[in-house]
Amino acid sequence: MDLSHILNHLGEDRENYKFAVSPPIFQTSNFTFRDIEHMRRSLEDELNNPFYSRGCNPTVAILRKKIAALEKAEDALVLASGSAAVSTAVISQVKSGDHIICVDKPYSWTNKLLVNLLNRFNVAYTFVDGTSMEAIKAAKQENTSLLYLESPNSLTFELQDLKACAKFAKANDLVTIIDNSYCSPYFQNPIEFGIDIVVHSATKFIAGHSDLVAGVICGSKEKIREIFQGEYMTLGGIISAHDAALMIRSLRTLPLRMERIAHSTELVVKAISHHNKIAKLHYPFQPNNDQYDLARSQMTGAPGLFSLEIEASSISQVEAFCHRLKTFLPACSWGGHESLIFPMCVLHNSQNYGSGTLPWNFIRFYVGLEEAQILIDDLVSSLDQLS
Ligand SMILES: *Cc1c(COP(=O)(O)O)cnc(C)c1O
């Protein structure tokens with residue numbers, strides 16, 4: 001399906017709302033019915049008929065169609081956060097006694113889902129080096145039911161071979177879930193490689209304006225219906241109609257934002273890659289990356305994020321480097337219009353996150369919509385001043 005059609009028109013039944021260009025925000029918890037038969041028929045398919053807004057809200061329904069089409073999935077659900085999407089999807093695919101294979105260093109709250117929450121319900125897990133198909137295969141146990149992927153991850157950008165993972169999972173009756181937040185549906189569609197369920201933190205690129213928190217789950221009609229009737233309705237982590245309308249607004253410019261951000265990121269990375277104050281550069285499309293060929297074969301772009309290990313001899317030098325930056329703001333998250341840094345030394349002695357496994361001179365960068373040259377000048381100037 002034509003991308004511009006998906007983003008500008010798909011799912012929008014304008015005759016139904018006075019030909020308004022932007023769909024109305026159905027700010028209602030409840031729906032009423034002509035008669036009891038109408039009520040009964042609506043309840044037969046609560047996924048697709050407005051009955052109560054925890055189930056189907058018409059504004060959210062438009063967004064679901066667009067998200068599914070973007071990910072080349074049959075259907076999709078939209079939730080209150082990326083973590084709601086991850087946890088709802090994972091919980092839907094396991095039961096007590098099962099085992100999950102998960103890639104090393106997944107997103108921090110995905111890690112906590114497995115280690116702190118599901119473990120209490122007798123679901124075991126093994127973290128594996130996802131860059132090695134052998135390691136993934138070796139981790140399989142009798143009771144493994146789920147293979148959880150994140151490709152690339154959003155700090156160090158390790159990839160998994162999605163086609164090989166899907167093949168292995170199908171042969172062994174495992175369900176595959178991937179967190180595809182880094183690429184966004186614009187630059188990678190894992191379902192094309194045979195992955196079963198795709199989740200996103202839509203807070204990042206899909207919403208893209210740093211003004212809302214949301215998540216999505218994409219998959220086959222059958223899988224989405226099962227998740228809807230089970231975990232989605234039960235756990236109830238839904239998005240509001242208002243935030244859904246903002247996301248529809250965001251999707252209009254998804255290609256513009258993604259192209260600009262990916263292009264600027266390549267310019268920034270290229271400009272600094274030989275700087276003598278950089279000990280290590282992490283970026284999927286860096287030619288000396290061990291997984292460069294795989295990255296090029298699975299992803300059509302590498303937008304926004306890259307990481308640096310800088311030549312600094314103390315945390316205070318790292319902090320001074322960060323403070324010199326004028327355009328890159330210190331913050332978590334990414335995917336919005338504003339460029340950001342997340343320095344790992346912020347986790348030093350953190351109660352919630354431990355001290356982390358990454359070195360204290362490691363800084364994750366996010367390139368937003370500012371002029372690339374301004375970002376380059378800012379970064380180079382602060383690198384130059386590292387003594
Ligand atoms: C941010 C993020 C999440 C969690 O999403 P929220 O919208 O913050 O709940 C999950 N996975 C990745 C890779 C993320 O970057």
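Which residues in α3 meet which residues in α10? Let's find out together in this predicted model, one selection at a time.

**Stop 1: α3 and α10**

Select helix α3, residues 58-70, and then helix α10, residues 241-252. On the α3 side, pick out T59, V60, I62, L63, K66, I67 and L70; they meet A241, A244, A245, M247, I248, L251 and R252 in α10.

Now turn the view to look at how the helices cross. Two packed helices are described by the angle between their axes and the distance between the axes. For α3 and α10, the angle is about 40 degrees and the axes are 8 Å apart. That makes α3 oblique to α10, because an angle would have to be under 35 degrees to count as roughly parallel. The crossing of these two helices is left-handed.

**Stop 2: α10 and α11**

To see the contact, select S250, L251 and R252 of α10 together with L254, P255 and R257 of α11. This contact has three nonpolar, one polar and two charged residues.

**Stop 3: the cavities**

Next, look inside the protein. Rolling a probe the size of a water molecule over the atoms shows where empty space is left. How many cavities of 30 Å³ or more are there? The count comes to two.

For the largest cavity, select L47, G55, C56, N57, V60, A61, R64, L77 and F228, which line it. Its volume is about 40 Å³. Helix α3 gives the largest share of this lining, with three residues. Sorted by class, the lining has six nonpolar residues, two polar and one charged.

For the second largest cavity, select S53, G55, N57, V60, V78, Y232, I238 and I239. This cavity has a volume of about 30 Å³. Its lining divides into five nonpolar residues, three polar and no charged. Look out for G55, N57 and V60, which are part of both linings.

**Stop 4: two backbone details**

Go to K72, in the loop between α3 and β1 (75-79). What is phi of K72 near? The value is near 55 degrees, which is positive in a residue other than glycine.

Then move to P152, in the loop between β4 (144-150) and α7 (162-171). Zoom in on the bond between S151 and P152: this is a cis peptide bond, with omega about -10 degrees.

**Stop 5: L294 and its partners**

Finish at L294, in helix α12, residues 292-298. Which residues is L294 in contact with, leaving aside its neighbours within four places in sequence? Select L159, Q160 and D161 to see them. Then draw a line from the C-alpha of L294 to the C-alpha of D161: these two residues are 133 apart in sequence, and the distance in space is 7.0 Å.

Conventions
Residues are numbered from 1 along each chain as its sequence is written. This is a predicted model: local features need pLDDT of at least 70, side-chain atom pairs count only at pLDDT 80 or more; totals for chains, interfaces and linings use all residues. Side-chain values use heavy atoms; hydrogens and water are left out. Axes are lines fitted to C-alpha atoms, for helices over the stretch in contact, and angles run from 0 to 180 degrees between N-to-C directions. Helices (H or I, at least four residues) and strands (E, at least two) are DSSP runs, numbered from the N terminus. Contact means heavy atoms within 4.5 Å. Ala, Val, Leu, Ile, Met, Phe, Trp, Tyr, Cys and Pro count as nonpolar, Asp, Glu, Lys and Arg as charged, and the others, Gly among them, as polar. On a 1 Å grid over the protein atoms alone, a cavity is a set of points where a 1.4 Å probe fits but cannot get out, and a pocket is an open set with protein on both sides within 12 Å along at least five of seven lines; lining residues have an atom within 4 Å of a point. Grid points are joined across faces, edges and corners, and a volume is the space filled by probe spheres set on the points. Angles under 35 degrees count as roughly parallel, over 145 as roughly antiparallel, 65 to 115 as roughly perpendicular and the rest as oblique. A crossing is left-handed if the near helix is turned anticlockwise from the far one by less than a right angle, and right-handed if clockwise.
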